Amino acid sequence: MLARLPETLDPLRYAEAGRILEGRIAIAKMRRLATLLHEAAGEAEVALNFGVDLDGTRNVQGTIKAAVVLICQRCLAPMTLPVRVSVSLGVVGSEAEAERLSGHYDPLLVGEDPVSLTELVEDELILALPVVACHELGGCHAAQTDQQEPVTDDERPNPFAVLEQLKRD
Ligand SMILES: [Zn+2]
């Protein structure tokens, strides 16, 4: 059973209570992420465990999964890319505290205001987007067209020309 996700939360309290959040958030609610996508369709699947580790660090661990629609930069057709983020955040109250965090946590800086769960998930997804999105070779329309065109002898690079070049150098 998936419970309704809260809009905002206090990560410190959640950590101390050892809470678990599981649910879905519509991609359309994530405006900054949506501007980076071809269409803001679908949902992010969120599973987060809040806790306190042996060193006393309040932390958030879990996964965020989504299928985002991007434009393939090779063939310019829309493509659906599965994104899976492993979340490992240490809850900190200041930059100085963030610097003392052990290496396997990214800092989650919290202040007076409660944290927006949607923004937290959105930030993680934005960081996980590829710089350049492309279909897998073989699944890309552009790559398929290339393969179908016979390469003529004129277009083939002559391996001996490369050797000649090497000798001259
Ligand atoms: Zn493509």
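How many bridges join strand β3 to strand β4? Strands β3 (residues 43-52) and β4 (residues 58-71) run antiparallel and are joined by 9 bridges. Helices (H or I, at least four residues) and strands (E, at least two) are DSSP runs numbered from the N terminus, and two strands pair if DSSP finds at least two bridges between them.

The model is predicted: local features need pLDDT of at least 70, side-chain atom pairs count only at pLDDT 80 or more, and totals for chains, interfaces and linings use all residues. Residues are numbered from 1 along each chain as its sequence is written, and side-chain values use heavy atoms, with hydrogens and water left out.

**The sheet**

The hairpin of β4 and β5 has 6 residues between the strands, and L76 in its turn has a positive phi of about 60°.

The open sheet contains 5 strands in the order β2-β3-β4-β5-β6, with mixed pairing. Strands β2 (20-26) and β6 (106-109) stand at the edges with a single partner strand each, so one side of each lacks a neighbour in the sheet. From one strand to the next, the twist averages 30°. Helix α4 (residues 117-128) packs on the sheet and touches β2, β3, β4, β5 and β6, where contact means heavy atoms within 4.5 Å. The direction of α4 makes about 120° with that of β5; such angles run from 0 to 180 degrees between N-to-C directions, with axes fitted to C-alpha atoms, for helices over the stretch in contact.

**The zinc site**

The zinc ion has as protein donors C72 (SG), C75 (SG), H135 (ND1) and C140 (SG), at 2.0 to 2.3 Å. Donors are N, O and S atoms within 2.8 Å of the metal (3.2 Å for Na, K and Ca); water is not among the atoms, so sites may look incomplete. Along the chain, the donors follow the spacing C-x2-C-x59-H-x4-C. The arrangement is tetrahedral because the 4 donor atoms subtend angles of 101 to 126°, four donors counting as tetrahedral if all angles lie between 85 and 135 degrees. Both C72 and C75 are buried; buried means under 20% relative accessible area, exposed over 50%, and partly exposed in between (1.4 Å probe, protein chains only).

**Salt bridges**

A salt bridge is a side-chain nitrogen of Lys or Arg within 4 Å of a carboxyl oxygen of Asp or Glu. By this rule the count is 6, including the pairs tabulated here.

| Pair | N to O distance |
|---|---|
| E16 and R58 | 2.5 Å |
| E45 and R24 | 3.8 Å |
| R32 and E122 | 3.0 Å |

R32 lies in helix α2 (residues 31-34) and E122 in helix α4, so this pair ties together parts 90 residues apart in sequence. R32 is partly exposed, with a relative accessible area of 41%, whereas E122 counts as buried at 4% relative accessibility. Salt bridges that share partners also join R24, E43 and E45 into one network.

Methods
Tetrahedral: all angles 85-135°; square planar, octahedral: opposite > 155°, others 65-115°.
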